[in-house]
Amino acid sequence: MSDSSALARRGFLVGALGVGAALTTACTSNAAAPTAAGTNTAPAAGDNAEPGTPVTIGFSAPAADHGWIAAIAANAQAQAGQYPDVTLEAVNPTNDITQQIAAVETLINQGVDALVILPNDGSQLTSLGRRAMDAGIPVINLDRIFDSPLAYRTWIGGDNYGMGVSAGTYIGTRLREAGVANPIIGEIAGIDNLPLTQARSQGFSDALASFGFAVGPRQAADFTAQGGQRVTANLLQAAPQLDAVWNHDDDQGIGVLAAITQAGRSEFFMVGGAGSANAMREIKADTSVLKATVTYSPTMASSAMALARLVAQNRGMGDLVEKEVPTSITLASATITKENVDTYLPLGFES
């Protein structure tokens with residue numbers, strides 16, 4: 001889940017990296033490690049496959065209190081393990097901003113060759129990123145963006161606005177094809193005061209407007225299954241008839257589906273968000289209201305680790321003409337349906 005603003009809505013896709021998509025509180029050495037189950041990695045391609053100067057990459061992220069964050073950490077570790085020339089220094093994950101700052105300061109003082117940071121709060125850790133950059137340590141800012149480009153060498157993350165657009169486009173297209181003239185479209189958001197939620201909702205509203213549709217009943221949850229179940233029960237009680245629903249987050253979607261089942265509702269279809277393996281299996285089975293999900297993949301952590309290696313070794317991305325890694329990479333939000341779910345299922349994370 002990202003705090004990315006309009007600055008980070010569009011950019012390069014990761015395809016040119018020649019890498020895929022992945023932590024421990026200790027150090028992993030320069031020996032290639034096996035890929036853990038449920039993680040997504042890819043080997044370096046072309047000239048970048050050749051080992052370069054040995055580098056140490058520091059990693060810091062929030063505590064894995066839900067499936068998406070857990071997959072971020074696992075993917076980062078697994079990708080680092082693909083490279084014999086990378087040593088990973090991962091600090092203890094924490095949801096305490098003060099503790100995260102102290103941990104990253106330790107990595108700066110150690111003089112690591114690059115940092116990959118998923119901050120608890122992009123704004124509050126901007127000065128920390130700037131401190132590392134000023135010390136000559138390139139920072140790969142993962143997902144939740146710092147306030148200043150001076151605080152990072154490269155930002156990579158998901159497209160929150162694009163998620164909303166993908167969800168709204170799928171729903172609008174399906175309703176128009178069904179001949180529904182004035183649909184009632186529900187929305188179950190994440191935490192409303194977060195920029196990421198606001199961007200997702202704006203994209204959703206804009207996409208629906210292109211069909212002449214609008215968002216109807218709306219509730220904000222908290223990215224947890226418990227919160228999703230609670231607010232969905234409220235929404236269903238307030239809306240006796242629905243045509244479609246978008247739930248922003250597949251982790252909270254477990255509770256959303258539970259509330260729908262408990263209420264015995266099936267007159268509408270639903271789209272999820274993020275791309276969990278749980279949601280994909282539900283879509284493939286085609287036995288519930290969940291018919292699609294739009295991606296916000298934690299494989300971005302694997303790509304961030306690959307970028308850190310390239311930057312630390314002064315390499316570029318193999319398929320690009322330029323000699324330097326781009327400063328901004330935005331991942332596209334794909335729409336996963338029953339028709340293409342088998343392609344994306346290996347990339348799903350467990351909620």
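This is a predicted model: local features need pLDDT of at least 70, side-chain atom pairs count only at pLDDT 80 or more; totals for chains, interfaces and linings use all residues.
Residues are numbered from 1 along each chain as its sequence is written. Local features need pLDDT of at least 70 and side-chain atom pairs count only at pLDDT 80 or more, while totals for chains, interfaces and linings use all residues, and side-chain values use heavy atoms, with hydrogens and water left out.

Helices (H or I, at least four residues) and strands (E, at least two) are DSSP runs, numbered from the N terminus. An α-helix has 3.6 residues a turn, so residues three or four places apart point the same way. After α3 comes Gly136, with a positive phi near 85°.

Strand β4 also holds Ile117, which is buried at a relative accessible area of 1%. Beyond its neighbours within four places in sequence, Ile117 is in contact (heavy atoms within 4.5 Å) with Ser60, Gln100, Val104, Val139, Ile140, Asn141, Leu142 and Phe146. Ile117 and Asn141 are 24 residues apart in sequence, yet 5.3 Å apart in space, C-alpha to C-alpha.

Next come the helix pairs. Helix α4 (residues 160-177) packs on helix α5 (residues 195-209) at about 35°, with the axes 6 Å apart. Axes are lines fitted to C-alpha atoms, for helices over the stretch in contact, and angles run from 0 to 180 degrees between N-to-C directions. The crossing of α4 and α5 is right-handed, meaning that the near helix is turned clockwise from the far one by less than a right angle. Among the residues making this contact are Tyr161 and Met163 of α4 and Leu196 and Phe204 of α5.

Helices α6 (residues 225-238) and α7 (residues 250-263) pack at about 40°, with their axes 6 Å apart. The two are therefore oblique to each other. Their crossing is right-handed, and the contacting residues include Gln229 and Leu236 of α6 and Ile254 and Ile260 of α7.

Note on methods. Angles under 35 degrees count as roughly parallel, over 145 as roughly antiparallel, 65 to 115 as roughly perpendicular and the rest as oblique. Buried means under 20% relative accessible area, exposed over 50%, partly exposed in between (1.4 Å probe, protein chains only).
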